[in-house]
Every structure is written in C-alpha cells, then in structure tokens.
Amino acid sequence: FKPIALEKRYDVLFVGRLASNKGIMLLLEAVRQLRQTRPMIRVALRGDGPLRTEVEATIAAHEMQQHVVLLPRLPDNSALARLYNQSRMLVCASTVEGNPRVTVEAMACGIPVITTPVGIMPEIMTHEQSGLFFEGDSATLAQHMDDLLTQPDKAQAIGQQGQEAASAFDVKSIVERYATAYHHLIENGICDTP
C-alpha cells in the first residue's frame, strides 16, 4: 500500500462489512446531507454483509443511485491499493473495532482518513494533522467530508502526515522494533537466549 498517481474516481470510499457496527447507515445519512451542497458527490462502497439489502433500499429511497456505487469484490490487495488511490478520502464510521486495517492501508496510500476514535486509531492518528476524528454523528461526518473536498491543500497535508504515521506499521519497521526490544531484554539480563 503506497501512493499511486491515479485519477480520482470517487470523493468518498468505504471499505468494510455492511454490518451495523461498521456505521454504514450513518455514512449514507452523511452523504444524503452532503448532497444538498455537493450534488455531484461520488461515493464507493466496497463490502458485503447483512445490511446490503437495507443499504440498497436506502440508496434507492433517497435517489442516490447516481452518487453511491456498490463495488464488486476485488481480486487482491493490489486492486484494493488502486481503489484507495482512486479516492479522495476513506471513511471509517465503526462503533466497535480493534484495529481498523483499512484506515492504516488508506493512510499508507496517502489518502486522508475520517474515522471514529475506535480501537488503536487515537494512538496512530492525530486529529486535524494525520486524519480527522468524529464521534459518530452524521452532521460532523458530513462537515469533515465537505472540508476535505473544499480544501484540497488540507486534504493533501493530512494525507501526507497520515502516510508518515502509517509507515510505523510496515513490516520492516515492526520487525526492527521487536529485534531492538529483544536485544535490550537480553543485554539487561531480563531474558536468556536459548
């Protein structure tokens, strides 16, 4: 997952199960609100789950078929990385998460992230610097989305700082940190080598 120079196809991206804990209905409500001032907004949803029928019905009921697209399953991580890079931002509206992997993947691609403060997100992201937090209300989410679309310089700065924050989670960095920690333990006699 890294930045790729691709044309932006979507203003907002959601990647996750279409389930109640993922906040998908909250996101759709925020999109409905944002359409009042941004009638051409384009949103991509990549996921499936128990709320798919309700999601489709909500899209139809609010006449958002031209604005919200449900994408099919992607073949691999390379295709997912391309999708992140084709989007102006990623939204994670989850109410319960441990480590929302998609947020870190999007951040690694330099894509601004708007998320609830779930799981480890407060540890890896700083509000207004490397991402944007919201507390699970559609009005604030809609405002954050509008801010990133209206202020491309802000969106770019948040994306760059998010990418720097996510770099701490690449495999090489993690292995180096573990190795350093183990060496420290061994040197201080806290654990014995086999």
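Predicted model: local features only at pLDDT ≥ 70, side-chain atom pairs only at ≥ 80, totals over all residues.
Student: How is the packing of two helices described?

Tutor: Two packed helices are described by the angle between their axes and by the distance between those axes. In this model, helix α1 (residues 24-34) and helix α2 (residues 52-61) pack at an angle of about 10°, and their axes are 11 Å apart. Angles under 35 degrees count as roughly parallel, and α1 and α2 are therefore roughly parallel to each other.

Student: Which residues of α1 and α2 meet?

Tutor: From α1, Ile 24, Met 25 and Leu 28 meet Glu 54, Val 55, Thr 58 and Ile 59 of α2. Five residues of this contact are nonpolar, one is polar and one is charged.

Student: At what angle do the axes of α1 and helix α6 cross?

Tutor: The axes of α1 and α6 (residues 138-150) cross at roughly 60° and come within 8 Å. The two helices are therefore oblique to each other, and their crossing is right-handed. Residues of α1 in this contact include Leu 27, Ala 30 and Leu 34, while those of α6 include Leu 141, Met 145 and Leu 149. By class, the contact of α1 with α6 has ten nonpolar, two polar and two charged residues.

Student: Where do the side chains of a regular strand lie?

Tutor: They alternate between the two faces of the sheet. In strand β1 (residues 12-15), Val 12 and Phe 14 are on one side, with Leu 13 and Val 15 on the other; all four are buried, and both faces are covered.

Student: In which sense do β1 and strand β2 pair?

Tutor: β1 and β2 (residues 43-46) pair in the parallel sense over four bridges. Leu 13 stands opposite Ala 44 of β2.

Note on methods: Residues numbered from 1 in each chain as written. Heavy atoms only, no water. Axes fitted to C-alpha atoms, helices over the stretch in contact; angles between N-to-C directions. Parallel < 35°, antiparallel > 145°, perpendicular 65-115°, else oblique. Contact = heavy atoms within 4.5 Å. Nonpolar A, V, L, I, M, F, W, Y, C, P; charged D, E, K, R; others polar. Left-handed = near helix turned anticlockwise from the far one by under 90°. Buried < 20%, exposed > 50% of the residue type's maximum accessible area, 1.4 Å probe, protein only. Pairing = 2+ DSSP bridges.
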